Amino acid sequence: MVGSSSNSNSKRDAASNDRFLPIANVSRIMKRALPINAKISKEAKETIQECVSEYVSFISVKRLKSVTVRNVKLSTGMTFFGP
């Protein structure tokens, strides 16, 4: 298990990277929640990046399905993510 994570990260191609949120943004948010002198490993940043991206994708699909069921036309981001 020691090398399995680095192998899976190196196999990510350009197409799969497009579905992830930018690592710099994820890292910045992570740093806000930790003490100033805390260190975050690259592996931790990539893991959180994948989890957050998957969560956002899941919520987006769920919202799109509920909007489609109600026959509401999407016009803005606020309409999409609104109540």
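## A tour of the model

Gln 49 is buried, with a relative accessible area of 8%. Here, buried means under 20% relative accessible area, exposed means over 50%, and partly exposed lies in between (1.4 Å probe, protein chains only). Gln 49 lies in helix H4, which spans residues 42-69. Helices (H or I, at least four residues) and strands (E, at least two) are DSSP runs, numbered from the N terminus.

Before going further, a word on the source: this is a predicted model, in which local features need pLDDT of at least 70 and side-chain atom pairs count only at pLDDT 80 or more, while totals for chains, interfaces and linings use all residues. Residues are numbered from 1 along each chain as its sequence is written, and side-chain values use heavy atoms, with hydrogens and water left out.

**The whole protein.** The protein has five helices and zero strands, giving the pattern α-α-α-α-α along the sequence. Of its 83 residues, 22% count as buried. Among contacts (heavy atoms within 4.5 Å) with a separation of 6 or more, 40% come from residues 24 or more positions apart. The protein exposes about 6700 Å², and carbon and sulfur atoms supply 62% of that area. Accessible areas come from the Shrake-Rupley method with a 1.4 Å probe; for residues, only the protein chains shown count as cover.

**Confidence.** The predictor's confidence in each residue, pLDDT, runs from 0 to 100. Its mean for the protein is 75, and 60% of the residues reach 70 or more. Which helix has the lowest confidence, and which the highest? Helix H1 (residues 4-10) is lowest, at a mean of 50, and helix H3 (residues 23-32) is highest, at 92. Where pLDDT is low, the predicted coordinates should not be read in detail.

**Around Gln 49.** A polar atom of the Gln 49 side chain lies 2.6 Å from the backbone oxygen of Leu 21. Two pairs of residues can be set side by side:

| Pair | Apart in sequence | C-alpha to C-alpha |
|---|---|---|
| Asn 25 and Gln 49 | 24 residues | 9.0 Å |
| Phe 20 and Glu 46 | 26 residues | 9.5 Å |

Asn 25 lies in helix H3 and counts as partly exposed, at 34% relative accessibility. Glu 46 belongs to helix H4 and is buried, at 12% relative accessibility.

**On the surface.** Is Tyr 55 buried or exposed? Tyr 55, also in helix H4, is exposed because its relative accessible area is 54%. Together with Leu 21, Ile 48, Val 52, Val 56, Phe 58 and Ile 59, Tyr 55 makes a nonpolar surface patch of about 570 Å².

Notes:
Patches are made of residues with over 30% relative accessible area and no salt bridge: like charges are joined within 9 Å, nonpolar side chains (Val, Leu, Ile, Met, Phe, Trp, Tyr) within 5 Å. A salt bridge is a side-chain nitrogen of Lys or Arg within 4 Å of a carboxyl oxygen of Asp or Glu. A polar contact is a pair of N or O atoms within 3.5 Å; within protein, one must be able to donate a hydrogen and the other to accept it, and residues adjacent in sequence count only if both atoms are side-chain atoms.
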